[in-house]
Amino acid sequence: MLFYSGWALLSIIQAANTELFDDEAYYWVYSRFIDWGYFDHPPMIAALVKAGYAIFNNEFGVRLFIVILNTATIFFVHKLTHRKDDTLFYAVAGSIAVAQVGGMIAVPDTPLLFFMVLFYWLYQRFLQYNNIFNAILLGVCMACLLYSKYHGVLVIGLVLLSNLKLFANKNTYVSLLVCLALFVPHIYWQYQHNFPSVQFHLFERNAADYKFRFTTEYLLGQLVFAGPVIGWLLLWAAFRYKPASAVERAMKYTMAGTYVVFLISTYKGRVEANWTVTALIPIMVLSHRYFVQNYQLQKWVYRSIPITLLLVVAVRLYIMSWFPPVSWVERNEFHGNREWANEMHNKAGDLPVVFVNTYQQASKYWFYSGVPALSMNSPYYRRNNYNLWPVEDSLIGKTVYVDVPRNSKDYEWLFKPNGWRFPKAGIYHGYYSFSRVLFTGIKCSVKQKGVVQINTSVSIPENYRACFQQPAYSETPVWLVLYCDGEVKTIINTGTTVQKLSGSALELHINIPAEVAAKNYKARLCIGTILPGFPSINSTEFELCLN
């Protein structure tokens, strides 16, 4: 009990004295718009943040239930080891630095790990006592897995693959039906919003071209993610261990399958180290059991602990607000947020702030200033949940403060041919953008040389339709944006304005300038905003072949 009390106490101190990371602030905005789904993730993280923030209106409140679930996760992992050699388990858990430092960060990984270890525990009970009650409990847990992060699909699939006899068990189907029934609201939400999470995770995150460093960075990152000092040893031990039960086999399948799936994913783009988080619990359990059987290796675990803890303490202290930042850390997410928000508030006053191409700053400003903010996402960036929330609706026609990207030189080559001047940060009257309009089902063809026909369905929020008929907005153009190698290459006026978007279908005939090279492009349809050169993103990417 002393171990868990100390683990939780350190996380509490850390959570209460560390400013929010970028994504934590974004998930806090999630919690202000509780729904069955979000652009990037399922809703579990939003529910946990909302519950904690209702108790404590600060960073600790955002992280309260994350700290509780993280401690509970380690406890249930300990139970899965059958409590053989407790000291060794504490050493193995302490060797995985991300489980300590990351255990207080409000991200979907923490509820995913909690419901994952609970899933293994209930799966073990299901195999021992194969009845309807345990089947229902297992189904509820699987639904919670899926509501935490989409990785839950991978975990459930790999566990089923590890024990094909489950398909002959009628109670397996009871579990799956319970899971599906509970997950239907999220599926329906995806349907209502044209499956944004599927589009984003499977298609929009793909890199233009494969780079060998995607794979090498992934492999090296996994060694560090498993443990900065002996991650390699934990991985080796976990893979060497021969499963003695169906649950152990399920964990080994999950671990191996996770690494293989994301290794393959490196051929589509860069893979973040934490995407393999579902391997952490199998690593802890299986490596511990291997070390129990191979006593001579335990000394390396114990010898590494002082070094790991020293690194963890150093990181914990550095990211806390008590300590000043250092200049060589490029992206400092956890220092100076309050000061930055105060400076921005001094410029903007109580006006809402529109940030261009950064959901991170919009979310942090909203959290630390208490003033609503919007991330206006242009073709140079990506879509996110600000494209779905009604924040934009409340700003149309209002006076706002707009914060624009600082690197104006990067846009000069594109802005000059169109006669656009790079916008300046400041107060804008009569703000407008229409990022919640969505073009779907896009079909395009080249009808004749230099002319492209695009047929598309148009989804328009009802309150936008009246805006489109007002003189102030009716002539706002619809743009075709062409990408090559992941970069914007040109922005072409389609000749259509928002005034013509009153119906549910649209046919565009677009004249392609002669200087645009004939080749295959990725493309999007976009709608102009108050900032020339920065239209909003209004479709997913589609293929456009100019020949």
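A nonpolar core, as used here, is a set of buried Ala, Val, Leu, Ile, Met, Phe, Trp, Tyr and Cys residues joined through side-chain atoms within 4.5 Å. Buried means under 20% relative accessible area, exposed over 50%, and partly exposed in between, with a 1.4 Å probe and protein chains only.

Two remarks on the source. This is a predicted model, in which local features need pLDDT of at least 70 and side-chain atom pairs count only at pLDDT 80 or more, while totals for chains, interfaces and linings use all residues. Residues are numbered from 1 along each chain as its sequence is written, and side-chain values use heavy atoms, with hydrogens and water left out.

I start with the core. The largest nonpolar core has 180 residues, and Phe 291, Phe 434 and Leu 480 have the most contacts inside it. Helix α7, residues 109-128, gives the most to this core, with twelve residues. Helices here are DSSP runs of H or I with at least four residues, strands are runs of E with at least two, and both are numbered from the N terminus.

What does Leu 480 touch, beyond residues up to four places away in sequence? With contact meaning heavy atoms within 4.5 Å, its partners include Ile 454, Ile 510, Phe 542 and Leu 544.

Those last two residues sit in strand β12, residues 542-545. Tyr 521 stands opposite Leu 544.

Strand β3, residues 400-403, has Val 400 and Val 402 pointing one way and Tyr 401 and Asp 403 the other, and all are buried. It runs parallel to β1, residues 353-356, joined by three bridges, with Asp 403 as the bridge partner of Phe 355. Three bridges also join β3 to β4, residues 426-428, in antiparallel fashion, and there Val 400 stands opposite Tyr 428.

Next, Val 458, in strand β6, residues 451-459. Is it buried or exposed? Val 458 counts as buried because its relative accessibility is 7%. Its C-alpha atom is separated by 4.9 Å from that of Ser 504, 46 residues apart along the chain.

On a 1 Å grid over the protein atoms alone, a cavity is a set of points where a 1.4 Å probe fits but cannot get out; a pocket is an open set with protein on both sides within 12 Å along at least five of seven lines; lining residues have an atom within 4 Å of a point. Grid points are joined across faces, edges and corners, and volume is the space filled by probe spheres set on the points.

There is one cavity of 30 Å³ or more. The largest cavity holds about 100 Å³, and its lining includes Phe 119, Met 142, Leu 160 and Ser 175. Helices α7, α8 (132-148), α9 (151-162) and α10 (170-192) each give two or more residues to that lining.

The second largest pocket has a volume of about 390 Å³. Of its 19 lining residues, Leu 10, Gln 100, Leu 309, Val 312 and Arg 316 are the closest to its centre. Helix α1 supplies the largest share of this lining, seven residues.

Notes. Two strands pair if DSSP finds at least two bridges between them.
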